[in-house]
Amino acid sequence: MRRRKHRNLPMPRQFEKDPSRGAPDEGDVDRSLQSRLERAAQRDFDEAVHLLRCAGLLGAADWKAAARAMRRIGEADLSLGRLYEGHVNARHLIETYSDPELRSESLAQMEEGWLFGVWGADGARPVSATGDRLSGAKRFASGLGHVDRAVVSATSPEGQRLFVVDARDAARHDPDAWRMSGMQQSRSGGFDCEGLPGRPLGEPDVYTREPHFLGGTWRIAAVTLGGIAGLLERTSDALRDRGQEETEAHLLRLAPIAGRVVSAWPAILRAGEIACGDEGIAAPEAAATRSLSVRLLSEEIGQDAIAAVERSVGLSMFDEADRVGRMARDLACYMRQAARDAFSVKVGRALLMGSRPLGDWLDG
């Protein structure tokens, strides 16, 4: 495994929350903070992650505040949105499944600005566990050099297990394994688990239990929608710079996309509300279906947005330094989550071939 050292970053205990921000559990990302995150990500992604830590967002517990933060951060920078979504996912898993000691310790670390992640995709040597000792490797592990603790899945004699591991050892990182044209700042790559100790999180086979597995894909939809909004905003800026803000051809292409973005947000919030509440516990498969449906919806809007933007902005967005082009590449890469067709079939069967009439889904 090839490894590349990251530059030395401050440890979490050195971070101090921005006193101008509200309480950590507010999870507020206003337009000012969003702009600061975007500018920082353009200058130096390490600076953007540091700002995210200091803003008090990593301790946010309320699902709705986290949803708005994921959308706003995705609008600022999708790589940063990817890391924050992973942190929100890890927090939810820990709050739901962990023992009191691990929960208390992890939540305290989050309050202090520690960044968590969830690394599920296995490498060529799938991760397995013997007791609390891991072997194998993960791939597509986002946030190498930034994530302090990671929730990783592993096979074991008892079934699939989750473990919380220390993710900071640069000798285990393989950032060169990420060779994608988009999401380059996400620091995704390989993570070597050989001999790594882990702290068990929950009972065997909880990872794929609904409504906390596919039911959580509403979070991906929230970040995706933020990325689409960010792409359209950058496109608007480019057209204004050209004096083309009143060109009807552009408006006819882009206005329907913008309208669908506005209409999709309440549906994403409703999916999050169900998945994170009593309704999801009572009907976990229905919660998963609703989350998958908004995840697919956001992807469809994003695909159409990229095509429309390419026609309006033209060749300039294919310049590597163009901010519209970079956002489009990041969005295209981010939307390529696994098993898209399988999810579409699952949603189709539930909405069209199930015992519940389609119209009833609209009422609840």
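Modeller: Here is a walk through the core, then the pocket, then a few local details.

A word on the ground rules: this is a predicted model, where local features need pLDDT of at least 70 and side-chain atom pairs count only at pLDDT 80 or more, while totals for chains, interfaces and linings use all residues. Numbering runs from 1 along each chain as its sequence is written, and side-chain values use heavy atoms, with hydrogens and water left out.

Now the core. The largest nonpolar core has 78 residues, and Ile73, Tyr84, Trp119, Leu134 and Leu231 are those with the most contacts inside it. Such a core is a set of buried Ala, Val, Leu, Ile, Met, Phe, Trp, Tyr and Cys residues joined through side-chain atoms within 4.5 Å; buried means under 20% relative accessible area, exposed over 50%, and partly exposed in between, with a 1.4 Å probe and protein chains only. Helix 6 (residues 218-241) brings the largest share of this core, eleven residues. Helices (H or I, at least four residues) and strands (E, at least two) are DSSP runs, numbered from the N terminus. Apart from this core lies another, of 16 residues, including Ala90, Ile94, Tyr97 and Met110.

Let's zoom in on Leu134. Leaving out residues up to four places away in sequence, Leu134 touches Val127, Val152, Phe163, Val165 and Glu194, among others. Glu194 is in the loop between strand 8 (190-192) and strand 9 (199-201), and it counts as partly exposed because its relative accessibility is 41%. Besides Leu134, Glu194 touches Arg125, Ser135, Gly136 and Arg172, again not counting residues up to four places away.

Back in helix 6 you'll find Ala221, which counts as buried because its relative accessibility is 0%. Beyond four places in sequence, Ala221 is in contact with Ile268, Val294, Arg295 and Ser298.

Helix 6 also shows up in the largest pocket: along with helix 4 (78-97), strand 1 (116-119) and helix 10 (323-334), helix 6 supplies at least two residues of the lining. Helix 4 gives the most, five residues. Of the 32 lining residues, Arg82, Ala121, Ile220, Gln337 and Ala338 are the closest to the pocket's centre. By class, the lining has 16 nonpolar, ten polar and six charged residues; Ala, Val, Leu, Ile, Met, Phe, Trp, Tyr, Cys and Pro count as nonpolar, Asp, Glu, Lys and Arg as charged, and the others, Gly among them, as polar.

Most residues other than glycine have a negative phi, and most peptide bonds are trans. Phe140, in the loop between strand 4 (137-138) and strand 5 (149-154), has a positive phi near 55°. Arg187, in the loop between strand 7 (173-174) and strand 8, has a positive phi near 50°. The peptide bond from Glu210 to Pro211 is cis, with omega near 10°, and Pro211 sits in the loop between strand 9 and helix 6.

Key
Contact means heavy atoms within 4.5 Å. On a 1 Å grid over the protein atoms alone, a cavity is a set of points where a 1.4 Å probe fits but cannot get out, and a pocket is an open set with protein on both sides within 12 Å along at least five of seven lines; lining residues have an atom within 4 Å of a point.
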